[in-house]
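This report describes the architecture of the structure shown below, from its sheets to the contact between its chains.

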2 protein chains.
Amino acid sequence: MSESELLIVYRVQASSDEVEARADALLLEQTVELSRRALHDPGLRGLTVGRVVAIEAMGEDDFRVSLAQPRSATADDPAQLLNVLFGNSSLQPDVVLESVTVTDAQALILGGPRMGLAGLRRLAGAENRAMTMTALKPMGLSAARLAALCHAFALEGLDFVKDDHGLADHPFCPFVDRVRACLEATLRAAQSTGRRTRYVPNLIGSPETVLRQARIARELGVEAVMISPMVVGLPVLNELVRRHLDVPVIAHPALGGALRIQPRALLGQLFPLYGADAVIYPNVGGRFSYSRDECDAIARALRRPNVPIAPALPTPAGGIKADKVGEVLGFYGAETMLLMGGSLLESPDETTLRRRSRQFVEDVHRFPYVN
Amino acid sequence: MSESELLIVYRVQASSDEVEARADALLLEQTVELSRRALHDPGLRGLTVGRVVAIEAMGEDDFRVSLAQPRSATADDPAQLLNVLFGNSSLQPDVVLESVTVTDAQALILGGPRMGLAGLRRLAGAENRAMTMTALKPMGLSAARLAALCHAFALEGLDFVKDDHGLADHPFCPFVDRVRACLEATLRAAQSTGRRTRYVPNLIGSPETVLRQARIARELGVEAVMISPMVVGLPVLNELVRRHLDVPVIAHPALGGALRIQPRALLGQLFPLYGADAVIYPNVGGRFSYSRDECDAIARALRRPNVPIAPALPTPAGGIKADKVGEVLGFYGAETMLLMGGSLLESPDETTLRRRSRQFVEDVHRFPYVN
């Protein structure tokens, strides 16, 4: 690709008679949003009018359409980029966004993961093994109750303990109280174990709220945070990591699954491009819908970005069972963080929870690292 | 509904044997995100654990599931509300969000449209007729060229002339230059016609960019703006209207169509709840996919909100043809703004564009207002 063009790939349902016209209409819809006969100015070509690069037949009435769109159409703006990728076309049921390759210059501007896979491995002291994460829930527990859970997990050596993505600044569990108590719990556990678990608070709200939470979290000593980019807005994530935040961001897929964007493109390409260092996604076989191939594609896209940004950390989650850890890591390899929540939290008592946590940690640590 | 519960309605694909369990799992997924056996604390009931209100069979393996979720689970936060509505469940392919009724207190907090249908009618001086809007495009034209278009439209009496939603702060058409030139064009036209067309700039970017654009627009005298809530983030829209903006917001559906949320719920209920005064949506029969029933449902939801917020202005768009104006208004009635872009901009020359614009305005103004 030229340095002045983005490559955007879609799957389009159309008959072979119609697909050329459909591809051209798709090309124009994302930028000039007018038919060719309304484009009176030839100077638009290359400025805001791109070109259809390829149309491949994939099956009956199923085509892969590759478009080159001028970088200039995006204004190098994180929000306007979304319009060029899938603004109006998201309203058209015959189109799915499959893959995005921005220009190298745009990747540099958006920035991608600042710590990424390597930074999170260093932070966790996990240079040659997979990593572990669990979640604090259910929503409704007090800060003290969640901190007690956090303490138990930390005693058993989890690398990261994150808030559930639905933990906001609830009156029954205020953000400041929760962050303070959970951090304290990880420090207290470290005094007895000699190794530090990182507590990862969930930042959620409108931009000013997210900024305030980020500032509080950093003042209290938080070393990683979680954000749901589709809930707060992808451009909000990008502004946060470019301007306001010096710790890694773990991205949660909430509200993102229903988009007619393939998971690989949204979670594997766009989330890290906008700055996520690790990306949580539903693992195959859990209570969500992603296939084995989709999960593999997400992990590969995160580890081997198609633009010059740092690799991000694949973090499969959602119904990973305790006895499946080896199998899951066999599939993904050790450059992975496993997020196990329910399987630990369903323990009937703290003794069981600690035993299961310890088992989870041991199973992951035992898995051989092959680079 | 009680004042402490939201009513959320989904369509769920399940067999009749399974639907009760599926509804209960859906209920828990949006808040505590744990199975019942992991909920050791009975105090969560009513705090973060809601209840299944109704399950209605709609067809084979097709159920309408109505949930009551505790208001306390949302923390009255605009981002966390999205999690309670459709956070994790958006990742599950068997669920579609159909309708949302927040509590009256939440509606007051989110605020809804500040000017809404009535305010836009007053602004346009259109107390007893439908309204007209068109769009400035194609992206790629200079500020001066777009302003010339704006001038032509204003001379013919359009009520609103909006930026295309893809017009950002492009170097070939900087935001400040465009706003200044287009406003000037409307003022110049008003000197000869005696009536004012409102130019509506598109605010787009990460939150700081949107805020800066809002400030500039107001300083220059803009009286209405456009925002794409799914591109910039719904919570960003809400913060903007609650804290920073004193002019009406016209919402654009870009990036919003592909969500597994029925258009009535997303465009008809959530956009105005978060503060949009008018909502643009693809009209039936254009190049998008909404049915006649969906369009009717969107318009009704906007005009008759299900919570105590001001009515918002339905703004059908997308391929409305010049000879269909009467038909479209016959369907929607006069409490409507018609957005016609391509049909005007495809004119081969300015004389034709002005003639078509005049015709559009006359056709809309002629339509009788029946309250």
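## The antiparallel sheet of chain B

In this predicted model, strand E1 (residues 5-13) of chain B and strand E3 (residues 62-70) of chain B run antiparallel and are joined by nine bridges. One of the residue pairs is formed by Arg11(B), whose bridge partner in E3(B) is Arg64(B).

## The parallel sheet of chain A

A sheet with parallel pairing is found in chain A, where four strands form an open arrangement in the order E7-E6-E5-E12. Strand E7 (198-200) and strand E12 (337-339) of chain A are the edge strands, and each of them pairs on one side only. Neighbouring strands of this sheet are turned by 25° against each other on average, again with direction ignored.

Within this sheet, strand E5 (residues 131-136) of chain A runs parallel to strand E6 (residues 160-163) of chain A, and four bridges join the two. Leu136(A) stands opposite Asp163(A), a residue of E6(A). Helix H5 (residues 143-155) of chain A lies across E5, E6 and E7 of chain A. Relative to E5(A), helix H5(A) runs at about 160°.

## Overall form of chain A

The secondary structure of chain A comprises 14 helices and 12 strands. Along its principal axes, the C-alpha trace of chain A spans about 70 × 40 × 35 Å. A compact globule of 371 residues would have a radius of gyration near 21 Å, and the 22 Å of chain A agrees with this.

Of the 371 residues of chain A, 59% count as buried.

Chain A is superposed on chain B by a rotation of 180° with 0.0 Å of shift along its axis, at an RMSD of 0.0 Å. The two copies are therefore related as by a two-fold rotation axis. The same surface serves both copies, since 100% of the contact residues of chain A recur in chain B.

In the contact between the chains, 68 residues of chain A meet 68 residues of chain B. On the side of chain A that touches chain B, the elements giving two or more residues are helix H2 (78-86), helix H7 (207-220), helix H8 (229-232), helix H9 (234-244) and helix H13 (342-345) of chain A. H2(A) supplies the largest share, six residues. By residue type, this side of chain A divides into 34 nonpolar, 23 polar and 11 charged residues.

Definitions and conventions:
Residues numbered from 1 in each chain as written. Chains lettered and ligands numbered in written order. Predicted model: local features only at pLDDT ≥ 70, side-chain atom pairs only at ≥ 80, totals over all residues. Pairing = 2+ DSSP bridges. Axes fitted to C-alpha atoms, helices over the stretch in contact; angles between N-to-C directions. Contact = placed C-beta atoms within 7 Å. Least-squares fit on C-alpha atoms with pLDDT ≥ 70 in both. Nonpolar A, V, L, I, M, F, W, Y, C, P; charged D, E, K, R; others polar. Rg over C-alpha atoms; globule rule 2.2 N^0.38 Å. Buried ≥ 20, exposed ≤ 12 C-beta atoms within 10 Å, placed from the backbone.
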